[in-house]
Amino acid sequence: MRRALLVAVLVLSSVAAVAQLKPRPDAFPPQDAPVASKSVTMASDISQMAGWDRYPTYETYLAMMQRWVEDYPLLCQVDTIGYSVRGRLILCMHIEGGTGSGAAKPQFFYSSTIHGDEVTGYVMMLRLIDTLLSGYGSNARYTDLMDRVSIYINPLANPDGTYNRGNNTVQGAIRYNANYVDLNRNYPDPFGTGAKAVLQPENEAMIDYVERHDFRLSANLHGGSEVMNFPWDCFTSLQNPHPQADWWRAVCQRFVDTSRTVDATHFSDVNAQGYIAGGDWYVIHGGRQDYMNYYQNCLELTMEISADKTLACERLPEYWSLLQHSLVNYISEILSLPEDQTSIDPTTKDAPVVYVRDRQLVVPADCASKVQVFDLVGRQVRAGVLNPGVYLVHLGERGTRKVIVL
Ligand SMILES: [Zn+2]
């Protein structure tokens with residue numbers, strides 16, 4: 001009964017909320033519109049990136065990553081996360097200062113442009129890499145940050161989408177990968193409803209990469225709006241607030257306030273405060289943000305940083321000045337994470353006990369008839385003898401429970 005009432009309240013409140021909000025661009029993936037005539041000048045070699053007012057060609061991007069490793073061999077290395085459908089590289093710059101306490105440093109992760117046409121973050125990430133590396137030893141703040149935090153930056157998560165019309169232009173970039181799949185709907189999520197189709201190679205590689213690390217704080221950068229979108233995306237805050245929602249609001253407030261010291265109107269096209277719980281804006285499933293929070297126990301949020309997805313290139317320096325300090329400050333938030341980060345599994349809330357014996361589920365008798373079992377890519381499996389793996393067990397109205405079969 002309580003649940004039925006709650007659902008009714010949710011429906012009413014979400015209708016009211018949606019009416020006041022600009023539709024989330026992610027909610028209705030647009031078909032590829034003809035490219036508007038805007039200024040998209042490409043840099044076909046590294047020297048043309050000097051003013052940070054162009055987009056790099058794919059080869060220039062690779063050359064930049066290589067050049068940084070040559071120029072700062074003691075501070076950085078490039079990891080290959082994997083390959084796109086068309087065989088382009090998905091790269092990550094790992095930056096770390098040479099000194100420190102000797103103890104393991106917390107690992108921070110930025111990733112941009114999982115939607116290939118949202119390219120502002122791509123250039124912001126490249127410029128952040130350059131700023132950190134060139135500032136080490138001369139800028140006390142950057143030096144301290146790099147000495148205390150292991151920083152990973154993936155500037156381009158969906159290279160096939162960005163270079164849809166070839167390596168020499170971002171004109172005609174698309175949201176999707178080369179299989180025309182929205183990669184930010186393709187991750188496993190707490191309901192098992194993401195990744196309905198086959199897990200895409202870009203995401204498979206990313207999951208493998210984050211599995212091999214211990215990222216504690218991360219962000220993925222998008223465009224199309226200007227708002228900080230904190231978890232969850234697959235629940236409204238009434239259904240299931242993120243356990244660290246208060247911490248997220250404080251972090252978002254700092255990010256937005258810092259940007260607004262440059263331009264008081266930035267981050268205000270969705271709401272006045274400049275941040276929102278994702279599900280209150282629009283519920284989505286299969287996003288990377290929820291995957292990172294739920295499966296990796298990594299605090300990740302979605303930064304929608306520019307209303308224009310493919311920003312006119314002469315405006316890139318302006319957006320850098322808007323975002324530079326916020327982006328650096330956000331990395332340092334990893335040094336003061338909330339303490340009780342250990343249990344952020346939302347599905348255990350009020351869920352009955354489910355366990356595995358002889359590789360078979362044991363569930364309470366009163367919900368045995370409602371049991372549905374899904375694997376991590378959302379495929380329903382028979383609840384008989386289970387192969388080793390992680391499964392989500394849906395128990396009707398009594399919630400969902402994650403189980404591991406060894
Ligand atoms: Zn996006």
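The secondary structure of the protein chain amounts to ten helices and 16 strands, where helices (H or I, at least four residues) and strands (E, at least two) are DSSP runs numbered from the N terminus. This is a predicted model, in which local features need pLDDT of at least 70 and side-chain atom pairs count only at pLDDT 80 or more, while totals for chains, interfaces and linings use all residues. Residues are numbered from 1 along each chain as its sequence is written.

Of the 406 residues in the protein chain, 44% are buried; a residue is buried if 20 or more other C-beta atoms lie within 10 Å of its own, exposed if 12 or fewer, and partly exposed in between, with C-beta atoms placed from the backbone. Among contacts between residues at least 6 apart in sequence, 72% join residues at least 24 apart. Two residues are in contact if their C-beta atoms, placed from the backbone, lie within 7 Å.

**The open sheet**

Eight strands form an open, mixed sheet in the order β3-β4-β6-β5-β7-β10-β8-β9; two strands pair if DSSP finds at least two bridges between them. Strands β3 (76-83) and β9 (275-277) stand at the edges with a single partner strand each, so one side of each has no neighbour in the sheet. From one strand to the next, the twist averages 20°. Angles run from 0 to 180 degrees between N-to-C directions, and axes are lines fitted to C-alpha atoms, for helices over the stretch in contact.

| Strand pair | Sense | Bridges |
|---|---|---|
| β5 (residues 107-112) and β6 (residues 150-154) | parallel | five |
| β8 and β10 | antiparallel | four |
| β8 and β9 | parallel | three |

Gln-107 has Ser-150 in β6 as its bridge partner. Helix α9 (residues 288-296) packs on the sheet, where it touches β7 (215-222) and β10 (299-305), and its direction makes about 170° with that of β10.

Met-228 is the bridge partner of Met-303 in β10, and Asn-229 is that of Ile-276 in β9.

Together with helix α7 (residues 245-260) and β9, strand β8 makes a right-handed β-α-β unit. A crossover is right-handed if, with the strands pointing away from the viewer, the path from the first strand over the helix to the second runs clockwise.
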